Amino acid sequence: MSPTPELSPTHIPSLDRLLRSPEFEPLLSQFGHTRLSQSTRAHLQILRDALFKGALRPQDLAPAQLAQALQAKLQEESRLQLRPVFNLTGTVLHTNLGRAMLPDEAIQAVVQAMRSPANLEFDLQTGGRGDRDDLINPLLCELTGAEAATVVNNNAAAVLLMLSTLSPRRETVVSRGELVEIGGAFRIPDIMKRAGARLHEVGTTNRTHAADYENAINERSAMLMKVHCSNYAVKGFTKSVSVQEVAQIARKHGLPTSVDLGSGTLVDLSQWGLPPEPTVRETIEAGADIVTFSGDKLLGGPQAGLIVGRADLIAKIKKNPLKRALRVGKITLAALEPVLALYRSPERLPEHLTTLRLLTRPSAQMRAQALRLAPVLQQWVGTQFAVEPTAMLSQIGSGALPEDVLPSFGLRFAYTGTGRPGRHLTQLEKRLRTLPQPVIGRIAQDAFWLDLRCLEEQFEADFSAQLICEQA
């Protein structure tokens, strides 16, 4: 195919000429010479290809038009991949959306830690080298009743490190009904194998007795382990052995007891009308020698794996070379300390801890919000859908309390056209997902749902503004 008749390769401006043009001055200032040169060179090649395909227009070569095209391209490339979204899925601790949102106290501490050097491993009292665990060890011990504590990058790492230290090439006794799989194919048997521990299953899927633990102990036994089944429930003809019973059996044979609480909590959630979960302190008081749990689930802090328990066992764990590979940095510690400090005043938690505030948000508050937003969304979506304020059910998420739901309120989008609604619901989901701050909802029961539990009133104006701007 020949070039466009009225244009020739000589009409395409040179890179040097464009970079010296007035239209490109703002781009040079914003993106720098190197990046702008690379993008402009690539764009000019696209124009040459279009020229020989007969698809190039004279206006495409104007410096202003070229500057505008490059501005859009460079801005799109500059947009960060990790972006804030509106989580209106109804799952508060959504694993794919970052789980717990940090309270303001933690955010301020993180910003300060990022802006300046900090005493991460420097003892301000002696002037010598310090231990980063010392930054959170006193708080964790105070809140849990444990003798010592350490922290790694997530709870899977905590379990891996604990098993690698305390049960290498020896047996760890676990009930078959507690061999759980967490998200991302994390399975207790697999993590044991990777840690070098040998799994000794006891009992059956639905029933395990104290005698099963007792009979499993032999000269190869390293510990007895309990795993809190936080992401599923077995009902009916069931039997399990309490932490206290398992600890008594282990102690009689000189073995430690470890408990993986998963999404562990430091307070009794039932005082705020939430389903009860075993607390870390209760687990320690029941006789557990080591307890592992997450920092970014019910605790409401940053992603972290916390290990608390007997001082001698924690000391061994900290000497494991894996500890250095799995340790956390100053940003995580800066966020974790103020979150833990909030638990010193539990009566103030619903006000200051974001996770608890969202979990306990009154349904009436969300209903009023739905009534305010319904007209805005109806105008935005047009006549293709009917937007209805609707009662719905939220869930905690991240494997915590899988059977328990929270009364909530939100908006239901029902397709008003003819035919099957599936394709239209998918298009609506995509339209919301591609807004400047994506809105993430869910499709279920031939409708699209936006649960307002996680849209606090302070963010409502921003939510509405981007809908109005898109229409304009």
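Visitor: How many cavities of 30 Å³ or more are there?
Guide: The count comes to 2. Keep in mind that this is a predicted model.

Visitor: What volume does the largest cavity have?
Guide: About 50 Å³.

Visitor: And which residues line the largest cavity?
Guide: Val267, Leu269, Leu298, Tyr343, Leu349, Leu353, Leu356 and Leu359. By class, that lining has 8 nonpolar residues, with no polar and no charged ones.

Visitor: What about the second largest cavity, how much space lies in there?
Guide: About 30 Å³. Its lining consists of Val92, Arg99, Ala100, Met101, Thr354, Thr355 and Leu358.

Visitor: How do the residues of that lining divide by class?
Guide: Into 4 nonpolar, 2 polar and 1 charged.

Visitor: Switching to helix 8. Which of its residues are buried?
Guide: Helix 8 spans residues 188-195, and its buried residues are Ile188, Ile191, Met192 and Ala195. They cover an arc of only 105° around the axis, so they sit on the same side of helix 8.

Visitor: Why would residues three or four places apart point the same way?
Guide: Because an α-helix has 3.6 residues a turn.

Visitor: Then what is exposed on the other side of helix 8?
Guide: Lys193 and Arg194 are exposed there.

Visitor: And what covers the buried residues of helix 8?
Guide: The cover includes helix 7 (155-166) and several strands: strand 3 (171-175), strand 5 (186-187), strand 6 (198-202), strand 7 (221-227) and strand 8 (257-262).

Visitor: What follows helix 8?
Guide: Gly196, with a positive phi near 90°.

Visitor: New topic: annotations. What does UniProt place at Lys297?
Guide: An unreviewed UniProt entry gives "modified residue: N6-(pyridoxal phosphate)lysine" at Lys297.

Visitor: Where is Lys297 in the chain's secondary structure?
Guide: Lys297 is in the loop between strand 9 (290-294) and strand 10 (305-309).

Visitor: Is Lys297 buried or exposed?
Guide: Lys297 has a relative accessible area of 8%. The cut-off for buried is under 20%, so Lys297 counts as buried.

Visitor: Which domain does UniProt place at residues 11-48?
Guide: The unreviewed entry lists "domain: L-seryl-tRNA selenium transferase N-terminal" for that span.

Visitor: What is that span made of, helix or strand?
Guide: Residues 11-48 are 74% helix and 0% strand. The end C-alpha atoms of the span lie 10 Å apart.

Conventions. Residues are numbered from 1 along each chain as its sequence is written. This is a predicted model: local features need pLDDT of at least 70, side-chain atom pairs count only at pLDDT 80 or more; totals for chains, interfaces and linings use all residues. Side-chain values use heavy atoms; hydrogens and water are left out. UniProt positions are given in the numbering used here, feature names are shortened, and annotations may be inferred rather than shown by experiment. Helices (H or I, at least four residues) and strands (E, at least two) are DSSP runs, numbered from the N terminus. Buried means under 20% relative accessible area, exposed over 50%, partly exposed in between (1.4 Å probe, protein chains only). The arc is that of the directions from the helix axis to the C-beta atoms. Contact means heavy atoms within 4.5 Å. On a 1 Å grid over the protein atoms alone, a cavity is a set of points where a 1.4 Å probe fits but cannot get out, and a pocket is an open set with protein on both sides within 12 Å along at least five of seven lines; lining residues have an atom within 4 Å of a point. Grid points are joined across faces, edges and corners, and a volume is the space filled by probe spheres set on the points. Ala, Val, Leu, Ile, Met, Phe, Trp, Tyr, Cys and Pro count as nonpolar, Asp, Glu, Lys and Arg as charged, and the others, Gly among them, as polar.
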